[in-house]
Amino acid sequence: MSWYMAARCWVVSIAAAAMIVVAAAVFGSATLELPDLFSGVVIALPVSVLLPAVPAAMVLWNMGRGEPAHEAAAVRRPAEFDLAAVAALLLAQVVTAALLAPWFSFADSLAVVRNTAGYVALTLVLSRLIGPVVANVVMVMFPIICVRFGTIYAAGAPASAWWAWPLDTHSSLVALTQVLTLCVAAAAITRAAWLPRRRGVPAGT
Amino acid sequence: MIWVAPVLLGLIAIYAGDTQPEDGGYWTAATAVGTLFLSFTAPACAACAAWEGFRSRRLLHAVGNPVRSSTRVMVGGCWPVGVLAVTATGLVLWLYVPEPGTPGGPDVAILGTELLILCAHIAAGYAVGRAFPVVIAVPLATMGSFLVTTAGLGLEPAWIRHIGATNLYNCCTVEEIAAPEVLFAACVFAVGVIVSAVLIVSARVLVARVAAVLPGLAGTAIAVWLVLPLDWEPTAPRDLSAAECTDGTPRVCTWPEQESSADTIQASVTDVLARFESAGIRYADSMDPITFAHSSPGRIEIVATMVGALLPTEPADCPLGYPEWYFDVHERMSSWLYLTAGLDAGTAEGVAAPENVEAVRAMRSEWSPAEQLSWYEAGVDALRECPQGEPPAALRSVTASGGPS
Amino acid sequence: MPLVFENVTFSYRRSGRLFDRLTLSFHDPVTVVLGPNGAGKSTLLGIAATAIRPDSGRVSLDGLVPARKRELAAYRRRVSWIPQQVTAVPGLRVREQVAYCGWLKGLSRSEAWDRSIRALERVELGDLAGRASGKLSGGQQRRMAIAQALVHEASWVLMDEPTAGLDPGQRQVFRRLIAELRETAQIIVSTHQTDDLDTVFDHVVLLAHGRVHHDGGLQSFLGMAPEGTPETKRAELAYARYVGNEA
């Protein structure tokens, strides 16, 4: 197990994930003002929505490390260890959120954990369809796509479209359902990596 | 990269329909609007370059000790990305080509700056691809490039947007050019980034890699110093020697791009001048020549420009600032001049507040021409001075408190 | 305990069909799969190692069919594989990397750790066990890869181009290792170099463009060389006779 952890370098990502919760809490409601030059409006991208993409992008890096050929023909199931490591990463975020609770909103930190889980699941699903590199590109652009196309400017405060779950509040059941669905799909797809693959051993990254 | 090109070019083609240059009949504006698409082109190029950086890292790992230098390998890997950048820039230019017969050609300085900026994104993307694992390098280069080209526009101070030339897109009216300081600063910044990227890629030890950042920092410092005196606008006045001017007072100048509208401009100017003259309004002998901002100015723009030339600009550094009545007087006088120049009330309400137009319309029907002229002259005098306390007595009757008494 | 390919079909998306209903049985202690580049040797071993899934057909080992999920782990436990590409895992030392492969093959941590040093000693890398795996030379990395395949003491060892990058001395060590291993395991070695053919091999499968051109004993293969061919040239000329211009 320790060799697996060292080979995958999970410690780095788990530490980064915990730091992201701290950073998101410190930045709070800070936004990155991105002018949508074509429509003339300014898109406010919350930093706390963008930051979870960092550990999520690192997950595919972790999973690309190791011994791909031997893992592809392994008796143990590295994919399940990977899923466990992702769970540990999310747990580290929850623990960090709990430790920060006396100073920062625990609920907002949970939204960061939810988004990290969603981004990881999204990138795992996409990586099977379009490869890990493009999957990560699409995943890091997803928060911007959500803000640009998923914000509904109606009377009162702007709302988010049903599919733009990263923008939803921590209490949104719709967002939570989508993230959980993505997680289930990602887990199923990742677990299947243990079986012989049609395309053979994935290339190292 | 083969599949990035159609996606990028498709996006450009789609979004080009959504935006228009500041003046479609002016080559500089048509060229400058292309910088808007840097927010697509630069991330795409940076992503492709990061991919090439990763490939060359693998290749160098396999080869061991290559004969070619790191820079040669870098250029060899990046030139197809450069072709993508040139193609995208060319497509944007083609989509905004002004109508045939428009004098001049693409603004080479803006185009060159744009391409140099893209080179900087490519070089930086390549260096990122060489330094990081590919699954992190490509998204990092994409997102970093996107934020640099986009987020700078939402940040203060102004130099952040100038050094990346990100707000050149709304340059320029026909009486403006891109500010040379902005272009030069963007070039210096880009060159600094390119040099740093090349040095980082070539460096073999960590200390050299850290030191390689210095040219980028130096380039940034010089670029910031160049644009620090500028305000938000990335433009400078166009040299009047390119325009054709009339004699007399006022001197009215038309730019080569306005040649096709010269008759309309001449007719409108003559009409407005005649109306002003009959009302007793005179232009100052020492004033700057009047120029129009668009290649095909309509009657409203011509009148507004000629009205603007009559009214004094705010005196600088007034100790008490500018009370509300000061701007109110300015607006009322503009409205009065619009109507005097022959605009009907409905049209004037398109360029001035309707309540001001209504007030001066009532004044024009109730006051004698001499009273109106003396009110106008008192207003010009008041606007020329720093405002102090209450408005001059002669102007009180038509300030915000009500119409003519 | 034969390793059997029955009607195995496999296609690459770009280069098209490689194996078309390939039927082959490996039963001798040491088999060499010979063939030019692109013949399908690595794919064949990859399928046997269950790293690659065929389009159709069946692979089985002692009645274990890896296509059945429940039998996959048992099948994999019996088979070890040295892929063509050796990966040095950053952050792991040589012994750790070998032990990691043993752990992946189902050994307990302590068992994998104990066996890893023995596997490294068999390939004469025992003195480099504490070095970072990325710091090994190409030839040393290949020997580390062999040690990775030996660590869990499988009943079948699949070696894909194991001698690539080894110096003549190390090739000699490799041959000795094969001779030693055959006592405990059955071995399949793929190569495209006829000078790798040695008396340690019992069986030769000659593969070209996904088709089997020869499937028989070493002597029957060498016998295809023209009469009067010197001993040192027999393998090369026999190979040329089968593959000839096609290769």
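This is a predicted model: local features need pLDDT of at least 70, side-chain atom pairs count only at pLDDT 80 or more; totals for chains, interfaces and linings use all residues.

Trainee: To begin, which of the elements of chain B has the lowest mean pLDDT, and which has the highest?

Mentor: Among the elements of chain B, the highest mean pLDDT, 96, belongs to helix 5 (residues 108–131), while the lowest, 64, belongs to helix 17 (residues 393–396). A stretch with pLDDT below 50 covers residues 400–405 of chain B, and the model gives this stretch 14 contacts beyond near neighbours in sequence. For chain B as a whole, the mean pLDDT is 87, with 97% of its residues at 70 or more.

The UniProt record, in an unreviewed entry, places the feature "transmembrane region" at several spans of chain B, and one of them is residues 108–127. That span is 100% helix and 0% strand, with 28 Å between its end C-alpha atoms. Another span in the record's list is residues 210–228 of chain B. Here the chain is 89% helix and 0% strand, and the end C-alpha atoms are 27 Å apart.

Now look at how this part of chain B packs. The largest nonpolar core has 139 residues, and B:Cys45, B:Ala50, B:Ile122 and B:Ala123 are those with the most contacts inside it. The element that gives the most to this core is helix 8 (residues 180–202) of chain B, with 16 residues. You can follow one set of contacts yourself: apart from its neighbours within four places in sequence, B:Ala123 is in contact with B:Val193, B:Ile194, B:Ala197 and B:Val198. There is also a second, separate core of 83 residues, which includes C:Tyr75, C:Ile187, C:Val189 and C:Tyr239.

A few spots in the backbone deserve a slow look. As background, most residues other than glycine have a negative phi, and most peptide bonds are trans. B:Ala165 counts as buried because 29 other C-beta atoms lie within 10 Å, and the cut-off for buried is 20 or more. B:Pro250 is found in the loop between strand 3 (244–245) and strand 4 (252–254) of chain B.

Next, step back to the domains. Chain B is assigned domain 1 (4–238) and domain 2 (244–396). Taken over C-alpha atoms, their centres are 43 Å apart. Where the two meet, eight residues of domain 1 are in contact with nine residues of domain 2. The domain 1 side of that meeting has three nonpolar, three polar and two charged residues. For residues 252–386 of chain B, UniProt lists "domain: DUF7224" in an unreviewed entry. That span is 61% helix and 4% strand, and 29 Å separate its end C-alpha atoms.

Finally, the partners. Chain A puts 18 residues into its contact with chain B, and chain B puts in 19 residues. On the chain A side, strand 1 (31–36), helix 4 (53–64) and helix 8 (132–149) of chain A each supply at least two residues. By class, this side of chain A has 14 nonpolar residues, three polar and one charged. Chain C is another matter: chain B and chain C do not touch, and their nearest C-alpha atoms are 10 Å apart. Of the two pairs of chains in contact, chains A and C share the most contacts. In that pair, 26 residues of chain C meet 24 residues of chain A. Helix 3 of chain C gives the most to the chain C side, with six residues, and that side divides into 14 nonpolar, seven polar and five charged residues.

Conventions
Residues are numbered from 1 along each chain as its sequence is written. Chains are lettered from A and ligands numbered from 1 in the order in which they are written. A nonpolar core is a set of buried Ala, Val, Leu, Ile, Met, Phe, Trp, Tyr and Cys residues joined through C-beta atoms within 7 Å. A residue is buried if 20 or more other C-beta atoms lie within 10 Å of its own, exposed if 12 or fewer, and partly exposed in between; C-beta atoms are placed from the backbone. Two residues are in contact if their C-beta atoms, placed from the backbone, lie within 7 Å. pLDDT is the predictor's confidence in each residue, from 0 to 100. Ala, Val, Leu, Ile, Met, Phe, Trp, Tyr, Cys and Pro count as nonpolar, Asp, Glu, Lys and Arg as charged, and the others, Gly among them, as polar. Domain bounds come from an automatic or database domain assignment. UniProt positions are given in the numbering used here, feature names are shortened, and annotations may be inferred rather than shown by experiment.
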